[in-house]
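Please take a look at the structure below and keep it in view while you read. We will walk through some of its features together.

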Amino acid sequence: MQNEHFSIADLGSGFQKLLGDGVFKFKNLHDDQNWKLPEPKSLWAAGADLRAYGNHVVPAGCTVAVPTGLSVEMPTRFLAIEFTPRSGLALHEQITVGNAPGLIDPDYRGELMVILKNSSTADFQVRHGDRIAQMQIRLNLMQLCSMQFVDSLSETERGEGGLGSSGVK
């Protein structure tokens, strides 16, 4: 689903350099003529559904890597893909993405696998074609950054407070 009234060119030249032509190229690894591309389910959806390739069982309390039958080439090195849980699976079945967000680097060309974690007390059946995760596109600015050791860091009001130090109210 694509908005017919908006294009990457509308964002300006800076974004064009980051996004390239915006085309994510997917390879159908099993030449399955009925297989679908990841697809957003509404015009303004922030994610596109990924489907399981084949039938799988995620045993209660376990984690399983579920194949999607797809590999991908991203339009530029400045984009990456994240996998996040589907809210309905998380709420109703206690199925989530085990390493959420799962990160796919722009130079990876292997099969896209979704790590599903079953936090329930019952085995979860994944059937061929089930929508198992959301695929989101994010900026990847790692190549533009550098890292270095320093002797000290700047002071902030928060300081070293972490792990719930700001409370819940």
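I132 is in contact (heavy atoms within 4.5 Å) with L50, R51, A52, V66, R86, L89, V114, L116 and V126, leaving aside its neighbours within four places in sequence. This is a predicted model, in which local features need pLDDT of at least 70 and side-chain atom pairs count only at pLDDT 80 or more, while totals for chains, interfaces and linings use all residues. Residues are numbered from 1 along each chain as its sequence is written, and side-chain values use heavy atoms, with hydrogens and water left out.

I132 also belongs to the largest nonpolar core, which has 26 residues. Such a core is a set of buried Ala, Val, Leu, Ile, Met, Phe, Trp, Tyr and Cys residues joined through side-chain atoms within 4.5 Å. Those with the most contacts inside this core are I81, F83, V114, L116, V126 and I132. At least two core residues come from each of β5 (70-73), β6 (79-84), β7 (95-97), β9 (113-118), β10 (124-126) and β11 (131-139). Helices (H or I, at least four residues) and strands (E, at least two) are DSSP runs, numbered from the N terminus.

Now for a sheet. Four strands form an open sheet in the order β2-β11-β6-β8, with antiparallel pairing. β2 and β8 (102-104) stand at the edges with a single partner strand each, so one side of each has no neighbour in the sheet. From one strand to the next, the twist averages 35 degrees, an angle between N-to-C directions, on a scale from 0 to 180 degrees, of axes fitted to C-alpha atoms. Strands pair if DSSP finds at least two bridges between them; β2 and β11 have four, in the antiparallel sense.

How accessible are some individual residues? Buried means under 20% relative accessible area, exposed over 50%, and partly exposed in between (1.4 Å probe, protein chains only).

| Residue | Relative accessible area | Class |
|---|---|---|
| E82 | 17% | buried |
| Q94 | 40% | partly exposed |
| D31 | 61% | exposed |
| A46 | 65% | exposed |

E82 lies in strand β6, and among the residues it touches are P101, G102 and L103. The peptide bond from A100 to P101 is cis, with omega near -10 degrees.

D31 sits in the loop between β1 and β2, and its phi is positive, near 50 degrees, although it is not glycine. Q94, also not a glycine, has a positive phi of about 60 degrees.
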